[in-house]
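Below are my notes on the model you sent.

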Amino acid sequence: LDDSLLAALLPVDPPATLAEPAGWQQAAVATLVVVVAVLSIRPAANLVGRRQLMNASFDPLRLVNTYGAFGAITRVRREVVLEGTDDPAPGPDTVWREYRFKAKPGDPRRRPPQVAPYHLRLDWLLWFAAMSPPSAHPWMAGLVVRLLEHDPATVALLGRPNPFPDSPPALVRARLYRYRFTTPAERRQTGAWWNRELLGEYLPPLRLDPVSGEPARRPGRPGTAPRR
């Protein structure tokens, strides 16, 4: 830091010169550098190892270790895909239109976007939602309600184009897919960035209850609807 900056922040005149560190101070610094360098060998080798450890310590005093935001990263990518329809009584021929998101995978032919340094919280939460059943994520029911209500603030969080630009859908459902990147050969053949496989239903078709305003299952389907 420049002396003029320090003088502006601290009402103390800096010394004209700094004293040279004593010999024992230099020796202590050199010793510390050597110790840290030696202890760093195993963590550095861990970075390129096939069985990489995260959030692990490599010495009893925990002087040098590895740190990651997550203890482990899943190798299988599952994604929740939300769909809506105008058909109040859907059947085998009903057309379901998929909601797009700004960053998370959806259309397999869409190239993954660059989103850093932004944090798209809804896309992020949906990634976690795919890792566990909907009962572990009660906010999903609230999201479905907002889509059925055509809430402008919620729709603005989604990608473009909006599959229901003029009026809200009659029903919304969620399906669970397994995604993986296509190989170079698959990309040349299909033009797709992702390959996705349908794993099953995540949320059944839901509509708004005209009395309570809560999501309710499509008529004819047993069970209890999720609540906000």
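How many aromatic pairs does the structure hold?

1. The model is a predicted one, and the structure holds 7 aromatic pairs. One of them joins Tyr177 and Tyr179 in an edge-to-face arrangement, with 6.5 Å centre to centre and 65° between the planes. Tyr177 and Tyr179 are both buried.

2. Phe181 and Trp194 make a stacked aromatic pair, at 4.1 Å centre to centre and with 20° between the planes. Phe181 belongs to strand E3 (residues 171-181) and Trp194 to strand E4, so this pair ties together parts that are 13 residues apart in sequence. Tyr177, Tyr179, Phe181 and Trp194 form one aromatic cluster.

3. Helix H4 covers residues 121-129, and its buried residues are Leu122, Asp123, Leu126, Trp127 and Ala129. These residues lie on the same side of H4, because they cover an arc of only 160° around the axis. In an α-helix there are 3.6 residues a turn, so residues three or four places apart point the same way. The partners against which the buried residues of H4 pack are strand E1 (77-85), helix H5 (139-148) and strand E4 (194-208).

4. The loop between H4 and H5 contains His137. Is His137 buried or exposed? His137 has a relative accessible area of 12%, so it counts as buried, the cut-off being under 20%. With neighbours within four places in sequence left aside, His137 is in contact with Phe128, Ala129, Ser132 and Tyr202.

5. Helix H5 is largely enclosed by the rest of the structure, because 8 of its 10 residues are buried. The buried residues are Met140, Ala141, Gly142, Leu143, Val144, Val145, Leu147 and Leu148. Arg146 is partly exposed, at 28% relative accessibility. Arg146 forms a salt bridge with Glu149, with 3.2 Å between the closest N and O atoms, and Glu149 is itself partly exposed at a relative accessible area of 39%. Just after H5, His150 takes a positive phi of about 60°.

6. There are 8 salt bridges in the structure. In one of them the side chains of Glu83 and Arg173 meet at 2.7 Å, N to O. Since Glu83 lies in strand E1 and Arg173 in strand E3, the pair ties together parts that are 90 residues apart in sequence. Both Glu83 and Arg173 are buried.

7. Arg100 and Asp107 also form a salt bridge, their closest N and O atoms being 3.6 Å apart. Arg100 is partly exposed, with a relative accessible area of 34%, and Asp107 is partly exposed at 29%. Elsewhere, a network of salt bridges links Arg77, Glu79 and Lys104.

8. Strand E5 (residues 215-217) includes Ala216, which is buried at 14% relative accessibility. Ala216 and Leu171 lie 45 residues apart in sequence, and their C-alpha atoms are 9.5 Å apart in space.

9. On the surface, Leu5, Leu9, Leu10 and Val12 form a nonpolar patch, with about 410 Å² of accessible area together. Of these, Leu10 sits in the loop between helix H1 (3-9) and helix H2 (23-39).

Methods
Residues are numbered from 1 along each chain as its sequence is written. This is a predicted model: local features need pLDDT of at least 70, side-chain atom pairs count only at pLDDT 80 or more; totals for chains, interfaces and linings use all residues. Side-chain values use heavy atoms; hydrogens and water are left out. Patches are made of residues with over 30% relative accessible area and no salt bridge: like charges are joined within 9 Å, nonpolar side chains (Val, Leu, Ile, Met, Phe, Trp, Tyr) within 5 Å. Accessible areas come from the Shrake-Rupley method with a 1.4 Å probe; for residues, only the protein chains shown count as cover. A salt bridge is a side-chain nitrogen of Lys or Arg within 4 Å of a carboxyl oxygen of Asp or Glu. Helices (H or I, at least four residues) and strands (E, at least two) are DSSP runs, numbered from the N terminus. Buried means under 20% relative accessible area, exposed over 50%, partly exposed in between (1.4 Å probe, protein chains only). The arc is that of the directions from the helix axis to the C-beta atoms. Contact means heavy atoms within 4.5 Å. Rings of Phe, Tyr and Trp (its six-membered ring) pair if their centres lie within 6.5 Å; planes under 30 degrees apart count as stacked, over 60 as edge-to-face and the rest as tilted.
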